[in-house]
Amino acid sequence: MRHTLLPSPSLTRIAACTLAALALLSACGDKKDAAPGAGAQRPPPEVGVITANFEPVALQTELPGRVEPIRVAQVRARVNGVVLKRLFTEGSEVKAGQELFQIDPASYAASLLSAQATLGKAQANLTQAAAQAERYKPLVEANAVSKQEYINVVATQKQAEADVAAAKAALQIARINNAYTRVTAPIAGRIGRALVTEGALVSATEATQLALIQQTNHVYVNFTQSASDLQRLRKSASLKVRNAESLPVSILLEDGSELPSKGKLLFSDVSVDPTSGQVTLRAEVPNQDGLLLPGQYVRVRLSQAELPAGMLIPQQAVTRGSQGDTVIIVGPDGKPGPRPVKVASQQNGKWIVLEGIKPGEQVVVDGFQKMQAPGMTVKPVPWTPGAAPAAGGAPAAAAPAASAAPAASAAAAASR
């Protein structure tokens, strides 16, 4: 009788597991062999660059300043009396000659009438004296009256003429004092609050101040600069000092915003303050919209000198450290490398580079995180302010996830 040996169930399970393990190892080996090939085909990452070039650069300076009105007029009482009316709106614009206050004119009107009467009396006396002198003239020639009598008549006439002149002057003074009871604006501008109220007694002797008018359609901005800095600008052979009369001035408010209207530099003081070592400068700024108020503190930006050959590099392209400043330059072979540079100052979000970069070289501005491996090759693309980061970083970030996929599948197979 022939016996047939059948495989046991345990042996069957062992064989199946062995075949599965061999297949898994073969698959892992194939994926490991394929990974280097995929990495070799990945294109070089893109980095944003700018092409360096020399150009004239205006060196800007920011200094603290204070606003001052172009003209200020203190409205004061010029006669004594009681204020009857206030004829303006506080804080409004007033015109030159506009009536502001009314002081009680009763006594001054009476004085004016008295002066007019005095003048009339003097003119009447002059008429009588002149007529008498006219009658005595032929009589003295005929020796009908003495010469002394004629001299006395002529003197009386001249005295009457002097009385008329004095009466006219007194009348003019009375008219002026009566007009001063109507207090008017000496200049056009913005008037502040009234410093007196109706019923207040004002005095010409004490020159009581009634209000203040400030002309603010144009304003002065006074600011100071270190005398040593000013001298350094003038003596520097590499800088071209600009003419003060052609210097535009920008005004920066406390929130950092800049006024749309530019001012002009009027002058710089000829002497240095011995206590602070500062030189005072003044600029005139249009202020039609009234954003600048007298006494307000602002910052003044002006360009007093110009660098004939400078280079402006975005601030993010320069790395500052204790050992100096550096930038990343992409060479002709596409490999980036650090380069030490010398910077002067910062303006409008850019550094002024004086040394270290040659014209035509490509300076990296964006994509620094993609240049981790030393000696790697990158693809420079033009960078523009406000543009999105350069493309090319996604594959490098996705590589770890791809390499982790086989390990995840192996772990899932082992659990089964």
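Helices (H or I, at least four residues) and strands (E, at least two) are DSSP runs, numbered from the N terminus. The structure is a predicted model, in which local features need pLDDT of at least 70 and side-chain atom pairs count only at pLDDT 80 or more, while totals for chains, interfaces and linings use all residues. Residues are numbered from 1 along each chain as its sequence is written, and side-chain values use heavy atoms, with hydrogens and water left out.

The protein contains five helices and 20 strands. Of its 416 residues, 29% are buried (under 20% relative accessible area; exposed is over 50%, partly exposed in between; 1.4 Å probe, protein chains only). Contacts are defined by heavy atoms within 4.5 Å. Among contacts with a separation of 6 or more, 76% join residues 24 or more positions apart. The protein exposes about 25,300 Å², and carbon and sulfur atoms supply 56% of this area. Accessible areas come from the Shrake-Rupley method with a 1.4 Å probe; for residues, only the protein chains shown count as cover.

Helix 3 covers residues 147-180. Its 34 residues should span 50 Å at 1.5 Å a residue, and its end C-alpha atoms are 50 Å apart, which agrees. The expected span is 1.5 Å times one less than the number of residues. The buried residues of helix 3 are Val153, Ala160, Val164, Ala167, Leu171 and Ala174. Helix 2 (106-141) is included in what covers them.

Valine 330 counts as buried because its relative accessibility is 5%. Beyond four places in sequence, valine 330 contacts Val49, Lys335, Pro336, Gln362, Val364, Val378 and Pro380. Valine 363 is 33 residues from valine 330 in sequence, yet their C-alpha atoms are 6.5 Å apart.

Aspartate 325 also sits in strand 16. Its relative accessibility is 11%, so aspartate 325 counts as buried. The side chain of aspartate 325 makes a polar contact of 3.0 Å with the side chain of arginine 320. A polar contact is a pair of N or O atoms within 3.5 Å; within protein, one must be able to donate a hydrogen and the other to accept it, and residues adjacent in sequence count only if both atoms are side-chain atoms. Not counting residues up to four places away, aspartate 325 touches Val318, Thr319, Arg320, Arg339, Pro340, Val341 and Val343. Lysine 342 is 17 residues from aspartate 325 in sequence and 6.7 Å from it, C-alpha to C-alpha.

Arginine 301 lies in strand 14 (residues 297-314). Arginine 301 counts as buried because its relative accessibility is 19%. Contacts of arginine 301 beyond four places in sequence include Gln60, Thr61, Pro248, Ser250, Glu258 and Asn348.

Threonine 208 is in the loop between strand 8 and strand 9 (209-226). Threonine 208 is buried, since its relative accessible area is 19%. A polar atom of its side chain lies 3.2 Å from the backbone nitrogen of serine 203. Beyond four places in sequence, threonine 208 contacts residues including Val75, Arg76, Ala77 and Val196.

Leucine 201 is part of strand 8 (residues 201-202). At 65% relative accessibility, leucine 201 counts as exposed.
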